[in-house]
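Work through the following exercises with the sequence and the model side by side. Each task is followed by a solution in steps.

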Amino acid sequence: MKFAKVVPIFKQGSRFVCNNYRPISVLSSISKIFEKCIFNQLMFYFTNNKMISPKQYGFRPGLTTSDCLIDLIEEITSSLDQGHYVVSLFLDLSKAFDTVNHQILLNKLKFYGLQQSEYNWFQAYLSNRKQQVYVNGGI
């Protein structure tokens with residue numbers, strides 16, 4: 001459950017530049033099912049305890065990037081209609097997942113009420129993971 005087969009998928013640009021590939025982790029079917037169950041339980045907990053902002057669109061069932069854009073446009077037009085100035089800052093967080101600090105994540109889960117046994121499970125699951133990169137069908 002802690003092993004991933006990593007396959008580089010070409011995005012754009014030159015095929016000779018490593019940064020033009022996106023790593024995709026291929027997990028076992030059991031891992032995918034297990035992770036989906038954990039996701040559903042956490043989402044249920046966070047939703048029922050109103051811990052997720054209504055402005056959080058990513059990884060939420062029934063919400064899309066289009067919903068986010070519609071909300072943004074409504075906010076901008078409403079502010080302009082009221083005579084306010086509108087300033088926006090857009091950040092590219094495309095590689096944000098790759099930089100998640102596991103200890104900070106664990107601390108946040110504990111802060112938001114995760115019990116010690118669940119905390120220990122997440123800590124074990126996130127540590128000592130292994131991966132192999134497969135290119136053209138081989139290691």
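Helices (H or I, at least four residues) and strands (E, at least two) are DSSP runs, numbered from the N terminus. The model is predicted, so that local features need pLDDT of at least 70 and side-chain atom pairs count only at pLDDT 80 or more, while totals for chains, interfaces and linings use all residues. Residues are numbered from 1 along each chain as its sequence is written, and side-chain values use heavy atoms, with hydrogens and water left out.

**Exercise 1.** Determine in which helix Tyr45 lies and how accessible Tyr45 is.

Solution. Tyr45 belongs to helix α1, residues 29-48. Its relative accessible area is 31%, which makes Tyr45 partly exposed, a class between buried (under 20%) and exposed (over 50%), computed with a 1.4 Å probe and protein chains only.

**Exercise 2.** Find the salt bridges of Lys55 with Asp71 and with Glu75.

Solution. The criterion is a side-chain nitrogen of Lys or Arg within 4 Å of a carboxyl oxygen of Asp or Glu. For Lys55 and Asp71, the closest N and O atoms are 2.8 Å apart. Asp71 lies in helix α2 (residues 65-81) and Lys55 in the loop between α1 and α2, so this pair ties together parts 16 residues apart in sequence. For Lys55 and Glu75, the closest N and O atoms are 3.3 Å apart; Glu75 is also in helix α2, and this pair links parts of the chain 20 residues apart.

**Exercise 3.** Classify Asp71 as buried or exposed.

Solution. Asp71 has 17% relative accessibility and counts as buried, whereas Lys55, at 47%, is partly exposed.
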